[in-house]
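Keep the sequence and the 3D view open as you read.

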Amino acid sequence: MMIFTIWVFAESRAIIRYYAEKYKSQGTNLLGKTVEEMGQVENWLEVEAHNFNPPIYALTLHLMFASKMGFHLDENLIKESKEKLGKVLDIYEERLSKNKYLAGDFFSLADLSHLPFTQYFVGQMGKEYMITNRKHVSA
């Protein structure tokens, strides 16, 4: 189950890149207009995939779905994931204190890619304080 889930998320990132490229001339260009902007978008997409997603995924899995999936909460993993996510959010806070969005001063796929698990995190999981305690991340 876990391997399948990770594969789906990896493929989801490929799919959102595909659609962002295909429809970039019809609405908001989510990939950046210059080579530098595109590089920043890709950089922050990688940060999301490798630094933000693992801890927020673990938290979502354990806090929302453990009982439904038939496994026990791993309190150590939950604590470790919160700490890792907090460090990533601190990096985002620093970045967003200098830029309106992660990749620069334009909304991009890098920003959008954070929304799926963040909605659970600030909603059903009640962990919005980890976002709202950071002025620029909260904005």
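## Salt bridges

K98 is exposed, at 61% relative accessibility (exposed means over 50% relative accessible area, buried under 20%, partly exposed in between, with a 1.4 Å probe and protein chains only). K98 forms a salt bridge with E94, with 2.7 Å between the closest N and O atoms (the rule: a side-chain nitrogen of Lys or Arg within 4 Å of a carboxyl oxygen of Asp or Glu). E94 is partly exposed, at 43%. The count by this rule is 8 salt bridges.

E48 and R13 also pair, at 3.0 Å from N to O. E48 is in helix α2 (residues 35-69) and R13 in helix α1, so the bridge ties together parts 35 residues apart in sequence. Helices here are DSSP runs of H or I, at least four residues, numbered from the N terminus. E48 is buried, at 3%. R13 is buried too, at 16%. A salt-bridge network links R17, E42 and E46.

## Buried side of α5

Helix α5 spans residues 115-122, and F117, T118 and F121 are buried there. They cover an arc of only 105 degrees around the axis, which puts them on the same side of α5 (the arc uses directions from the helix axis to the C-beta atoms).

## Basis of the model

This is a predicted model: local features need pLDDT of at least 70 and side-chain atom pairs pLDDT 80 or more, while totals for chains, interfaces and linings use all residues. Residues are numbered from 1 along each chain as its sequence is written, and side-chain values use heavy atoms, leaving out hydrogens and water.

Methods. Helix = DSSP H or I, 4+ residues; strand = E, 2+ residues; numbered from the N terminus.
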